[in-house]
Amino acid sequence: MARTERISLAQGSGGEPMQRLLRELIWPVFANPILARQEDQARLAFELQPGEQLAFTTDSFVVTPLQFPGGDIGSLAVQGTLNDLAVGGAVARYLSCGLIIEEGLPVALLRDLCLSLAKTARDAGVQVVTGDTKVVPRGAADGLFINTSGLGIIPAGINIGTHRLAAGDSLVVSGPIGEHGAAILASRQELAITGDLRSDCANLSPLIQTLLPNAGLHALRDMTRGGLNAVLHEFAEAAGATAVIDESAVPVRPAVQGLCELLGLDPLQLACEGRLLAVVAPDHAEHLLQCLQAHPMGQGAAIIGRLTPKRNVPVILNGLYGIERALPPVSGELLPRIC
């Protein structure tokens, strides 16, 4: 296919143009023996050992712009789904990939994004084994939307989740927050913002694997839409507790803080795509923090607060001079199309 060629509606028709798109671009990018069978389903042969569980998740990605500092929609689609598996303790095995392509998207750009998606999956040791391709008219998809589903295995003995949350637990973030949301915001040309802003997009699985042996680890969550604020409210509600956060302990890089002050945003509500919140029994918190800080992806980790017996609000921010204030949940869409 010529580098100047653009996607046409005919390439989603099911006929020869679509078969050519699949043969020349899609299948070579994701090539593996399971996909090569060209069945309508992926046939996966594996047996669970006693105590193992299957984990299955799905997510859709509609980020704009399609390419941004620190990543693109292809790498984001893989990392987001891998992280949804990893925070449950699962080891990812297989992915599906659904592409909804807008008529007129440059073929070269589509190829670059698919290559990025495939490389991210390969680097994680995961195969894309099934998928779907649709082409929609101009104006219906803003370039490219991607849906990825992931299948993984939770090893025997791993038991983390919201059911283990309890008052007294410590809250630990793996690094500075808000960097993905800030990078996406700055990359939107209409805002004409420049600066040292880069998405934190990353596959959290290698980091999480180092944390799972910690017997006091109760729950993990990646902080995507709604940022740290949204996860704190989810965990507080699940635990029937109140999360009390020390504002000065929450790590925020100066570039993100500066952008938030300029635009009147709260970094607690900005999305991350490579950070997690860990909830851990208080007598295990320091050890977990050391594990995080010893890993390249967790060097900025910090203990930011704790779960306390339930009070009249779910989340309290302990600010300067010891003044407490309620942190309301995210209301509305602070920044649309970020993931």
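**Note on helix packing and cores in a predicted model**

1. Gln19 belongs to helix α1, which covers residues 16–30; the model discussed here is a predicted one. The residue is partly exposed, with a relative accessible area of 29%, and, leaving aside residues up to four places away in sequence, Gln19 touches Gly14 and Trp27. Between Gln19 and Asp59 there are 26 Å in space, C-alpha to C-alpha, for a sequence separation of 40 residues.

2. Ala31 is found in the loop between α1 and α2, the latter helix being residues 33–36. Ala31 is exposed, its relative accessible area being 59%. The C-alpha atoms of Ala31 and Cys260 are 43 Å apart in space, and the two residues are 229 apart in sequence.

3. Helix α1 also packs against α4, at an angle of about 25° and with the two axes 8 Å apart. Since angles under 35 degrees count as roughly parallel, α1 and α4 are therefore roughly parallel to each other, and the crossing of α1 with α4 is right-handed. On the α1 side the contact is made by Leu21, Glu24, Leu25, Ile26, Val29 and Phe30, while α4 supplies Val107, Leu110, Arg111, Cys114, Leu115, Leu117, Ala118 and Arg122. By residue class, the contact of α1 with α4 comprises eleven nonpolar and three charged residues, with no polar ones.

4. Ile73, Gly74, Ser75, Val78 and Gln79 of α3 meet Leu113, Ser116, Leu117, Thr120 and Ala121 of α4. The residues in the contact of α3 with α4 are five nonpolar and five polar, with no charged residue.

5. Which residues have the most contacts inside the largest nonpolar core? They are Phe30, Leu110, Leu144 and Leu220, in a core of 74 residues. Leu110, with residues up to four places away in sequence not counted, touches Ile7, Leu21, Leu25, Ile101, Leu105 and Leu144. Apart from this core lies another, of 24 residues, including Val173, Ala243, Cys272 and Leu317.

Note on methods
Residues numbered from 1 in each chain as written. Predicted model: local features only at pLDDT ≥ 70, side-chain atom pairs only at ≥ 80, totals over all residues. Heavy atoms only, no water. Core = buried A, V, L, I, M, F, W, Y, C linked by side-chain atoms within 4.5 Å. Buried < 20%, exposed > 50% of the residue type's maximum accessible area, 1.4 Å probe, protein only. Contact = heavy atoms within 4.5 Å. Helix = DSSP H or I, 4+ residues; strand = E, 2+ residues; numbered from the N terminus. Nonpolar A, V, L, I, M, F, W, Y, C, P; charged D, E, K, R; others polar. Axes fitted to C-alpha atoms, helices over the stretch in contact; angles between N-to-C directions. Parallel < 35°, antiparallel > 145°, perpendicular 65-115°, else oblique. Left-handed = near helix turned anticlockwise from the far one by under 90°.
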